[in-house]
Amino acid sequence: MRTLGLIGGTTWVSTADYYRRLNEGVHAKLGGSNSAPLLMYSFNFAEVRACIDSGDWDSLTARLVDAGRRLVAAGAEGLMLCSNTTHVAADALREALDVPLLHIAEITAQSIARRGMNCVGLLGTRATMELPFFGEVLGAQGISVRTPDAYGREFVHRTIMEELGQNRFTDATRQRYLTLMDALRAEGTQGMALACTEIPLLIGPDDTSLPLFDTLALHARAGIDFMLDAGDT
């Protein structure tokens, strides 16, 4: 197996889910005592959040590139950013490092395209919903994205930072997300990209009939394929 480097702590809640899924996936494929060969750099999310809150993408990118270099130096043969928002630095990581970066938006776009959809809703942090780094990747596959209105985007961003990322999940927040999703469905979305790796811990297939694209699950599956050398890189 190839060793996979994880840049996590963004937040620890979803990073723990990555670790579980990657190990469970390798074990399911190989059985016995097999588990995933992983290296992890886990940030103090308070430092990452300070960059996100201030829009200091240059500082965040520098931190992520440094983390990637440390993982490659330690033996990582491929990298995953364990959040959607940090993919704002994906191009810089690819330019700076010689190992493959498994891009969460590219993997999600491939899954949506396989389902024959051309319009999906997008829920994530403010950056993921409003900056081009995620939507443009989907657009390259002919997939348009719709996001909630400004008030809805603010609610989603705030609850990600203040609730989901701190391992707090409430029925009231779940119902508000479902209301926002229903509004996007009424606008013509055919599915919903859960483009924050904590959102699938709040919303699942049992909550809605709208097809969901769980970016964490899709990303983890690609990581398993990479470690087993069974998928594209």
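**Helix α1**

I began with the buried residues of α1 and listed V13, S14, T15, D17, Y18, L22, N23, G25 and V26. I take buried as under 20% relative accessible area, exposed as over 50% and partly exposed as in between, with a 1.4 Å probe and protein chains only. The model is predicted, so I note that local features need pLDDT of at least 70, that side-chain atom pairs count only at pLDDT 80 or more, and that totals for chains, interfaces and linings use all residues. Residues are numbered from 1 along each chain as its sequence is written, and side-chain values use heavy atoms, with hydrogens and water left out. Helices (H or I, at least four residues) and strands (E, at least two) are DSSP runs, numbered from the N terminus.

I then looked up what the buried residues of α1 pack against, and found β1, β2 (38–42), β3 (78–81), α5 (104–114) and α10; contact here means heavy atoms within 4.5 Å. I checked the length of α1: its 19 residues reach 27 Å from first C-alpha to last, close to the 27 Å expected at 1.5 Å a residue. The expected span is 1.5 Å times one less than the number of residues. Just after α1, I noted a positive phi of about 70° at G31.

The peptide bond from T10 to T11 is cis, with omega near 15°.

**Helices α2 and α3**

I looked up how α2 (residues 45–54) meets α3, and the axes come within 8 Å and cross at roughly 145°. Axes are lines fitted to C-alpha atoms, for helices over the stretch in contact, and angles run from 0 to 180 degrees between N-to-C directions. The contact is made by E47, V48, C51 and I52 of α2 and by W57, S59, L60 and R63 of α3.

I also looked up V65, which is found in α3 (residues 57–74). V65 has 8% relative accessibility and so counts as buried. Not counting residues up to four places away in sequence, V65 touches A92, L93 and A96. I noted 9.1 Å between the C-alpha atoms of V65 and R94, which are 29 residues apart along the chain.

**Helix α9**

In α9, I found T173, R174, Y177, L178, L180, M181 and L184 buried. Seen down the axis of α9, these buried residues fall within an arc of 160°, so they line one face of the helix; the arc is that of the directions from the helix axis to the C-beta atoms. On the other side of α9, D171, A172 and A186 are exposed. Among the elements that cover the buried residues of α9 I listed β4 (119–123), β5 (144–146), β6 (191–194) and β7 (212–214).

In the loop between α8 and α9 I found N167. Phi of N167 is near 65°, a positive value in a residue other than glycine. N167 counts as partly exposed, at 42% relative accessibility. Just after α9, G188 also has a positive phi, of about 110°.

**T215**

Last, I looked up T215, in helix α10 (residues 215–227). T215 is buried, with a relative accessible area of 0%. Leaving aside neighbours within four places in sequence, T215 is in contact with residues including N84, F134 and L194. A polar atom of the T215 side chain lies 2.8 Å from the backbone oxygen of L194.

Methods
Polar contact = N/O pair within 3.5 Å; in protein donor to acceptor, adjacent residues only side chain to side chain.
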